[in-house]
Amino acid sequence: MKQTDMEKKKKRILLLGATGSIGTQTLDVIAQHPDQFELVGVAANGSKDKLEQIIKRFDTIKAAALVKEEKDRELSGVPLYTGQKALIDLMDHVDYDLPVNAVVGFAGLEPSLHALRQGKDLALANKESLVCGGDLVLKELEKSGRHLYPIDSEHSAIWQCLSGNDPKRVEKLLITASGGSLRDLKRDELDDITPERALKHPNWNMGARITIDSATMVNKAFEVIEAHYLFGVPFEKIETVLHPQSIIHSMVEYDDHAIMAQLGSADMRLPIQYALFEGKRDVLKEEHPLDFHQALSLEFRPMDFERYPMAAFAWKTGEKKGNYGCAFNAADEQAVSLFLNRQISFLQIEELIERALEQLDYIEHPTYEDLVETDRRIREKVRALARPDENR
Ligand code: MG
């Protein structure tokens, strides 16, 4: 093969959410495979300094974006797009092959839809794209014939367990859940939990919102919804299982009752790399791979829906669809932010989500604009419900 052909084969990556936990680990994977990947564009929400460091570290970057308003039109020698449309501007102005969407929250839906409309495959770490806009994303996927590559340990595990098997033979998807940072506490011990305490996850080192979402099990509800859209499996064939060690990242049961599981250490770089390679294996330098020279144990318990009532909202969302998932996410995003700012207690997160969803103006077939409006209204509702004087 000629040198130029070799160079052409490098996959040009556009990384949205470059400064967060998944973004940082994606940079690591790209840096481990300089012959395979070329980072051409990066975007962040507000961390300008971190973004600048990334541009200095990867000299292949052609442009960058910062959602926070900025006067500068350049950062470290490359064009900088800023403001609400920054991500879309970046996607329109940089030639790339594969976008990695690691944006946190509802804000990730628009770039996901945009990438598919641009005819790209999508490596997706932004759960909200599917939780809020699953039907819209599926429609774009159908139109474009492109693929989604999940970056979530559970969905990557399921993807790996499906490999080489007939998807029509799937009996059940079994999504494992560690139980989160507060799993050793009973419900009546949860009320005076501080954000610092709730942010200490026993197994995974992740961003703030997802760590709180793991403690409430909202994250697991989101992952059930994600799995439904990613693998086309009906909600009644998806189960959650408590597995405190986070060694099995999820499982697939077939109709002969063989169960395939994917095991590994709690390192997000594998799911990231597996997505970047579009479902192929390659070397990953990992400091702490699973080591069977040490004693290991695997425990499983059925999901406890009384301890974790939010987990059940996955199936409620599955029943309702429409703008329900979007509202569920909006209520959670807002409530978690209020909790992290010490404006509400831990258990109020659940209470506000339930109350806000009771008051949802339901739309059966929402457009993207309907979802934006739902997102805005539900956040407003949660803020109002959080203020005791306006509680009625
Ligand atoms: Mg996960």
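1. A residue counts as buried under 20% relative accessible area, as exposed over 50%, and as partly exposed in between. The structure discussed here is a predicted model. With a relative accessible area of 23%, Lys321 is therefore partly exposed. Arg342, at 53%, is exposed.

2. These two residues also deserve attention for their backbone. Most residues other than glycine have a negative phi. Lys321, however, has a positive phi near 50 degrees, and Arg342 has a positive phi near 60 degrees. Lys321 is located in the loop that links helix 12 (313–320) to helix 13 (324–340). Arg342 is located in the loop that links helix 13 to helix 14 (346–358).

3. The magnesium ion is the next point. Its protein donors are Asp152 (OD), Glu154 (OE) and Glu223 (OE), which lie 2.1 Å from the ion. Along the sequence, these donor residues follow the spacing D-x1-E-x68-E. Glu154 belongs to helix 7 (residues 153–162) and Glu223 to helix 10 (residues 218–231), so the pair ties together parts that are 69 residues apart in sequence. Glu154 is buried, with 8% relative accessibility, and Glu223 is buried as well, with 1%.

4. The sheet is open and is formed by eight strands in the order 4-5-3-2-1-6-7-8, with mixed pairing. Strand 4 (74–75) and strand 8 (148–150) stand at its edges; each has a single partner strand, so one side of each is left without a neighbour in the sheet. Strands of a sheet pair through backbone hydrogen bonds, either parallel or antiparallel. Strand 7 (residues 122–124) and strand 8 run parallel and are joined by three bridges. Within this pairing, Leu122 has Leu148 of strand 8 as its bridge partner.

5. Helix 4 (residues 86–93) lies across strand 1 (11–16), strand 2 (37–44), strand 3 (63–66) and strand 5 (78–82). Relative to strand 3, helix 4 runs at about 165 degrees.

6. The largest nonpolar core contains 118 residues, and Leu39, Val42 and Phe328 have the most contacts inside it. Helix 13 supplies the largest share of this core, 10 residues. Apart from this core lies another, of six residues, including Ala177, Met217, Leu242 and Ala311.

7. Which residues is Leu39 in contact with, leaving aside its neighbours within four places in sequence? They are Ile13, Leu15, Leu27, Ile30, Ile54, Phe58, Thr60 and Ile61.

8. The cysteines are the last point. A disulfide requires a pair of cysteine sulfur atoms within 2.5 Å, and by this rule the count is zero. Cys132 is in no disulfide, and the nearest cysteine sulfur, that of Cys326, is 4.6 Å away. Cys326 is likewise in no disulfide; its nearest cysteine sulfur is that of Cys132. Cys132 is buried, with a relative accessible area of 4%, and Cys326 is buried, with 0%.

Notes:
Residues numbered from 1 in each chain as written. Predicted model: local features only at pLDDT ≥ 70, side-chain atom pairs only at ≥ 80, totals over all residues. Heavy atoms only, no water. Donors = N, O, S within 2.8 Å, 3.2 Å for Na, K, Ca; no water. Helix = DSSP H or I, 4+ residues; strand = E, 2+ residues; numbered from the N terminus. Buried < 20%, exposed > 50% of the residue type's maximum accessible area, 1.4 Å probe, protein only. Pairing = 2+ DSSP bridges. Contact = heavy atoms within 4.5 Å. Axes fitted to C-alpha atoms, helices over the stretch in contact; angles between N-to-C directions. Core = buried A, V, L, I, M, F, W, Y, C linked by side-chain atoms within 4.5 Å.
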